[in-house]
Amino acid sequence: MTKNEQDDFSNLNAVFINTSLKKQSGDSHTKLLLDASANIMKKNKVHVEHIHMLDHTIAFGVQPDMTQHGWDVDDFPKLWKIVNDADILVIGTPLWLGEESSICRLLIERLYGMSGKLNDKGQSIFYNKVGGCVITG
C-alpha cells in the first residue's frame, strides 16, 4: 500500500450526534466542538453527517423500536439506520454536575438496546466500527 492509499479516507462515513440540551441545533458549545472535529474529518475526505438529538422524538427504553412496546412515536429506528451505516460514531455531550446530558444517556441506552444484534458475519453489530466522544463543560 502506498502512502497515498494509506491516507485515503474517502470511503469512510462518520456520524456526529449532538446530545446538547439546547433545543436549537446551532446554539450550543457542544455543536461548536463537534464542528471542529467534523471539519478535521472533512479535510481528510471522510463523509460527515450531523444529527441533533432534540430534532427527533426518541422514546425511552432499550428495545430497537419502542413503538412495539407501547410508545406512539419513536424516531430511533431511522437514526439507527444512519448510525449502523457509519464507520465512525462521535457523540457530543455537555457535562452537568459531572455527568453526561440526559439526552446523551437516552442515546447510550438506545445504542445498548442494539448490542445484541449481529452483522452478516455473525459478529457484534458494532464490530469494525470506531466510536469517540466530544465533551464540553
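Lys78 is exposed, with a relative accessible area of 56%. Here exposed means over 50% relative accessible area, buried means under 20%, and partly exposed lies in between (1.4 Å probe, protein chains only). This is a predicted model, in which local features need pLDDT of at least 70 and side-chain atom pairs count only at pLDDT 80 or more, while totals for chains, interfaces and linings use all residues. Residues are numbered from 1 along each chain as its sequence is written, and side-chain values use heavy atoms, with hydrogens and water left out.

**Salt bridges**

The structure holds 5 salt bridges. The criterion is a side-chain nitrogen of Lys or Arg within 4 Å of a carboxyl oxygen of Asp or Glu. Side chains of opposite charge can pair when their charged atoms come close. Among the salt bridges are these:

| Pair | Closest N to O |
|---|---|
| Arg110 and Asp74 | 2.7 Å |
| Asp75 and Lys78 | 3.3 Å |

Arg110 pairs with Asp74. This pair links distant parts of the chain: Arg110 sits in helix 4, Asp74 in the loop between strand 2 and helix 3, 36 residues apart. Helices (H or I, at least four residues) and strands (E, at least two) are DSSP runs, numbered from the N terminus. Both Arg110 and Asp74 are buried.

Lys78 is bridged to Asp75. Asp75 is buried, at 14% relative accessible area. Asp85 and Lys81 lie 4 residues apart in helix 3, so about one helical turn separates them. Asp85 counts as partly exposed, at 44% relative accessibility.

**Strand 1 in the sheet**

Strand 1 is largely enclosed by the rest of the structure, because 5 of its 6 residues are buried. Strand 1 runs parallel to strand 2 (residues 47-52), and 6 bridges join them. Two strands pair if DSSP finds at least two bridges between them. Ile17 has Ile51 as its bridge partner in strand 2. Strand 1 also pairs with strand 3 in the parallel sense, over 5 bridges. There Phe16 stands opposite Val90 of strand 3.

Strand 1, helix 2 (residues 29-43) and strand 2 form a right-handed β-α-β unit. Right-handed means that, with the strands pointing away from the viewer, the path from the first strand over the helix to the second runs clockwise.

**The cores**

In soluble globular proteins, nonpolar side chains tend to be buried together. A nonpolar core is a set of buried Ala, Val, Leu, Ile, Met, Phe, Trp, Tyr and Cys residues joined through side-chain atoms within 4.5 Å. The largest has 19 residues, and Ile17 and Leu111 have the most contacts inside it. Strand 1 (13-18), helix 3 (76-85), strand 3 (88-96) and helix 4 (102-112) each supply at least two of its residues. Helix 4 gives the most to this core, with 5 residues. Apart from this core lies another, of 10 residues, including Ala14, Leu34, Ile88 and Val90.

What does Ile17 touch, not counting residues up to four places away in sequence? Its contacts (heavy atoms within 4.5 Å) are Leu34, Ile51, Met53, Val83, Leu89, Val90, Ile91, Gly92 and Leu107.

Leu34 lies in helix 2. Leu34 counts as buried, at 1% relative accessibility. Beyond its neighbours within four places in sequence, Leu34 is in contact with Phe16, Ile17, Asn18, His50, Val90, Gly92 and Val134. Leu34 and Phe16 are 18 residues apart in sequence and 7.0 Å apart in space, C-alpha to C-alpha.
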